[in-house]
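Take a look at the packing inside this protein.

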Amino acid sequence: MLKYLIQFPISIICDLHCSYCFHTEAFELELQNKKQEKYFNERPFSIQQYIDWRNKYLSNGEEFLCELHGGECSYNENQEDVCNIIDTLDKERFQLQTNGLGEEEFYNELVKRKDKIF
């Protein structure tokens, strides 16, 4: 049985800018108004393009753990995208890294999707 870990990008946005964050460089460039020189504001592919790629190249996979990687998943601008990704991808179970500071309403939405969250 083949298992895959997929790091699926979401927007690199967060107000905390923690020193241990994977995206410290992006936040430093943002302060200099240079973030767009190295980082995309939007995902460079659609969810459907990912599904098509997955089905073509990873068709022998039986388990897909998908980490939503980027900024804070509970950040207002990411919430709708996160829920849409979870709702749309049909083979993946999700790992969410969050600081837990999002609105309660967002976490209530995630609870509705708990069967797809690892």
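Is C83 buried or exposed? At 10% relative accessibility, C83 counts as buried. Buried means under 20% relative accessible area and exposed over 50%, with partly exposed in between (1.4 Å probe, protein chains only).

The model is predicted: local features need pLDDT of at least 70, side-chain atom pairs count only at pLDDT 80 or more, and totals for chains, interfaces and linings use all residues. Residues are numbered from 1 along each chain as its sequence is written, and side-chain values use heavy atoms, leaving out hydrogens and water.

Helix α3 spans residues 76–88. Helices (H or I, at least four residues) and strands (E, at least two) are DSSP runs, numbered from the N terminus. In α3, N78, Q79, V82, C83, I85 and I86 are buried. They cover an arc of only 160 degrees around the axis, so they sit on the same side of α3. That arc is taken from the directions from the helix axis to the C-beta atoms. The face turned away carries the exposed E77 and E80. Among the elements covering the buried residues are β1, α2 and β2, by contact (heavy atoms within 4.5 Å).

The largest nonpolar core has 20 residues. Such a core is a set of buried Ala, Val, Leu, Ile, Met, Phe, Trp, Tyr and Cys residues joined through side-chain atoms within 4.5 Å. Its largest share, four residues, comes from α3.

Disulfides number zero, a disulfide being a pair of cysteine sulfur atoms within 2.5 Å. For C83, the nearest cysteine sulfur, that of C73, is 9.1 Å away.
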